[in-house]
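Dear colleague,

Please find below the structure for your review. My notes on it follow directly after.

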Amino acid sequence: MASLFRLTRVLLFGNGYAGLGSDARRKRRLSGIGNVLLFGFLAVYFIGVIGISAWGLYDVLSSVGLEAAMLGLFVSAGVLVVFVFGMMYVISIFYFANDIEHLLPLPLQPEQIIGAKFLVTLVYEYMFVGVIVLPALSVYGYRSGAGFLYYLTMVVVFLLLPVIPLVFAAVIIML
């Protein structure tokens, strides 16, 4: 199990994402910092747009007593996004990554390599789900005056939401 998490960490941070790897040159490092800033700005922008949309949607749905439907709407949207992007991520991380030649000679079992690649894909999907689902669920909790139990359930739903659609996407792509 320790090898699985160690390999996942290496696959996440050792691929030179955003040009911040140890062997990156100054130009690539500056380009990588720019990429991180751009993605951070876009994430904040989308969180704001979805939060404001959820705020307005809560008003519309609460006027007819259907504010709880907002939860199902955003969770379903999160599942759909995970499934669609999961297919693309599984193809790129499992099949088009150039790390298999380096991983196969290591003393790792095949299930550890596949599990680590799945966890990397899962981490990327958490980023999408966090941008799409968490603002809407937080707005609903705030506007409805939900207590601690709602927020605890929200965290559990957030952690479990991308797992099943990502497994389905991975199985479909592998077949």
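Arg143 is partly exposed, with a relative accessibility of 25%. In this predicted model, Arg143 forms a salt bridge with Asp59, and their closest N and O atoms are 2.3 Å apart. Because Asp59 belongs to helix α2 and Arg143 to helix α6 (residues 134-144), the pair ties together parts that are 84 residues apart in sequence. Asp59 is likewise partly exposed, its relative accessible area being 36%.

The structure holds two salt bridges. The other joins the side chains of Lys117 and Asp99, at 2.9 Å from N to O. Lys117 lies in helix α5 and Asp99 in the loop between α3 (69-95) and α4 (100-103), so this pair ties together parts 18 residues apart in sequence. Both Lys117 and Asp99 are buried.

Helix α5 also holds Gln112. This residue counts as buried because its relative accessibility is 16%, under the 20% limit. Apart from neighbours within four places in sequence, Gln112 is in contact with Ser3, Leu4 and Leu7.

I turn now to the largest pocket, whose volume is about 510 Å³. It is lined by 14 residues, of which Phe39, Ala43, Met127, Phe128 and Val131 are the closest to its centre. Helices α2 (26-62) and α5 (110-132) each supply at least two residues of the lining, and α2 gives the most, with seven. By class, the lining of the largest pocket comprises 13 nonpolar residues and one polar residue, with no charged residues.

With kind regards

Terms used:
Residues are numbered from 1 along each chain as its sequence is written. This is a predicted model: local features need pLDDT of at least 70, side-chain atom pairs count only at pLDDT 80 or more; totals for chains, interfaces and linings use all residues. Side-chain values use heavy atoms; hydrogens and water are left out. On a 1 Å grid over the protein atoms alone, a cavity is a set of points where a 1.4 Å probe fits but cannot get out, and a pocket is an open set with protein on both sides within 12 Å along at least five of seven lines; lining residues have an atom within 4 Å of a point. Grid points are joined across faces, edges and corners, and a volume is the space filled by probe spheres set on the points. Helices (H or I, at least four residues) and strands (E, at least two) are DSSP runs, numbered from the N terminus. Ala, Val, Leu, Ile, Met, Phe, Trp, Tyr, Cys and Pro count as nonpolar, Asp, Glu, Lys and Arg as charged, and the others, Gly among them, as polar. Buried means under 20% relative accessible area, exposed over 50%, partly exposed in between (1.4 Å probe, protein chains only). Contact means heavy atoms within 4.5 Å. A salt bridge is a side-chain nitrogen of Lys or Arg within 4 Å of a carboxyl oxygen of Asp or Glu.
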